[in-house]
Amino acid sequence: MADDALLSYVPFRPAADHVRHYDITLRDYVDQFRIGVWGHEKGRRQRVRINVCLTLPWPEQPLTDDLNEVLSYDFLIDGIRALRDGEHIHLVESLADRIAALCFTDPRVVKARVQVEKLDVVPESGGVGVVLERSRRQAP
């Protein structure tokens, strides 16, 4: 009887085989970008914080603890660094859009949420910026 009472308080947890998606995150990546529309922003770098969350389908087969079975976040970091080293970007919206496009270069990504903030624009705040969310179009 005591066992039944104890079990009644155990919260329901769905079986692992019901998991349909997983997220890969890059949180609080801070780097120096050439970004901004104003004259005083041209020719110099500014601190930018980037957060990315990618949603992917969970693999159908059981995982064998092999990196090739999942999406490595290295492609995301390398791509963001390439954007950092590229041309001057005027808007945080443009940088977020380019990062979102980078995310969808992997066909497994079904949704991407990208946040880009300039950290030193408003001293009274932790950052100003934009959040962009995109989903891959599903086949009809």
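Let's start with Leu 54. Setting aside residues up to four places away in sequence, Leu 54 touches Tyr 22, Asp 23, Ile 24, Leu 71, Phe 75, Leu 76, Cys 103, Val 109, Lys 111 and Ala 112. Contact here means heavy atoms within 4.5 Å.

A word on the source. This is a predicted model, where local features need pLDDT of at least 70, side-chain atom pairs count only at pLDDT 80 or more, and totals for chains, interfaces and linings use all residues. Numbering runs from 1 along each chain as its sequence is written, and side-chain values use heavy atoms, with hydrogens and water left out.

Now the core. Which residues have the most contacts inside the largest nonpolar core? They are Ile 50, Val 52, Leu 54, Ile 80, Leu 95, Ile 99 and Val 116, in a core of 31 residues. A nonpolar core is a set of buried Ala, Val, Leu, Ile, Met, Phe, Trp, Tyr and Cys residues, joined through side-chain atoms within 4.5 Å. Buried is under 20% relative accessible area, exposed is over 50%, partly exposed is in between, with a 1.4 Å probe and protein chains only.

Two or more core residues come from each of β1 (21-33), β2 (46-57), α2 (74-85), α3 (92-103), β3 (111-118) and β4 (128-135). The largest share, 7 residues, is from α3. These elements are DSSP runs, numbered from the N terminus: helices are H or I, at least four residues, and strands are E, at least two.

Next, Ile 24. It sits in strand β1. Beyond four places in sequence, Ile 24 contacts Val 52, Cys 53, Leu 54, Leu 56, Leu 71 and Tyr 73. Take Cys 53 from that list. Ile 24 and Cys 53 are 29 residues apart in sequence, yet 5.7 Å apart C-alpha to C-alpha.

On to the cysteines. How many disulfides are there? The count is 0. A disulfide needs a pair of cysteine sulfur atoms within 2.5 Å. Cys 53 is partly exposed at 23% relative accessibility. Cys 103 is buried, at 0%.

Last, the surface. Val 37, Trp 38 and Leu 91 make a nonpolar patch of about 310 Å². Leu 91 lies in the loop between α2 and α3. Its relative accessible area is 40%, so Leu 91 is partly exposed. Patch residues have over 30% relative accessible area and no salt bridge; like charges are joined within 9 Å, nonpolar side chains (Val, Leu, Ile, Met, Phe, Trp, Tyr) within 5 Å. A salt bridge puts a side-chain nitrogen of Lys or Arg within 4 Å of a carboxyl oxygen of Asp or Glu. Areas are Shrake-Rupley with a 1.4 Å probe; for residues, only the protein chains shown count as cover.
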